[in-house]
Amino acid sequence: MQNFIIAYDIFDKKRLAKVRKVAYSFALGGQKSALEAPLDKKLMKDLINSLTPIISKKDKVNIIKVLNEPTILGKASNIIYK
């Protein structure tokens, strides 16, 4: 598993609700439209296949690979994937 950040900007409220539901089903948590998700190749493919029919050309979804250990401030804790 590799850690990713899923960040999205969706222009329609109905599509936003659908994208949020899909994104949160893959995520461990996050803040509104930026979520932390551990994904392997299969889960990444599933995520992309689930989001593609929902979003429009005006929308934007970024799936960003976290390369190093993140710097964590506050009460958050680092999640270790094995």
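Visitor: What percentage of the residues in the protein chain is buried?
Guide: This is a predicted model. The protein chain has 82 residues. A residue is buried when its relative accessible area is under 20%. The buried share comes to 26%.

Visitor: Which part of the protein chain has the highest confidence?
Guide: The chain averages a pLDDT of 87. Strand 2, residues 29-31, sits lowest, at a mean of 76. At the other end, with 96, is helix 2, residues 41-51.

Visitor: What pattern does the protein chain follow along the sequence?
Guide: Start with the inventory. The chain has two helices and four strands. Read along the sequence, they give β-α-β-β-α-β.

Visitor: Which element gives the most to the largest nonpolar core?
Guide: This core has 16 residues, and I6, Y8 and V19 are among those with the most contacts inside it. Strand 1 (2-9), helix 1 (13-26), strand 3 (34-39) and helix 2 each supply at least two residues. Four residues come from the top contributor, helix 1.

Visitor: Which residues is L47 in contact with, leaving aside its neighbours within four places in sequence?
Guide: L47 is one of the residues with the most contacts inside the largest nonpolar core. Contact here means heavy atoms within 4.5 Å. With those neighbours left aside, the partners of L47 are I6, V22, F26, L39 and I63.

Visitor: How much of the accessible surface belongs to carbon and sulfur atoms?
Guide: Take the total for the protein chain: about 6,200 Å². The share from carbon and sulfur atoms is 56%.

Definitions and conventions
Residues are numbered from 1 along each chain as its sequence is written. This is a predicted model: local features need pLDDT of at least 70, side-chain atom pairs count only at pLDDT 80 or more; totals for chains, interfaces and linings use all residues. Side-chain values use heavy atoms; hydrogens and water are left out. pLDDT is the predictor's confidence in each residue, from 0 to 100. Buried means under 20% relative accessible area, exposed over 50%, partly exposed in between (1.4 Å probe, protein chains only). Accessible areas come from the Shrake-Rupley method with a 1.4 Å probe; for residues, only the protein chains shown count as cover. A nonpolar core is a set of buried Ala, Val, Leu, Ile, Met, Phe, Trp, Tyr and Cys residues joined through side-chain atoms within 4.5 Å.
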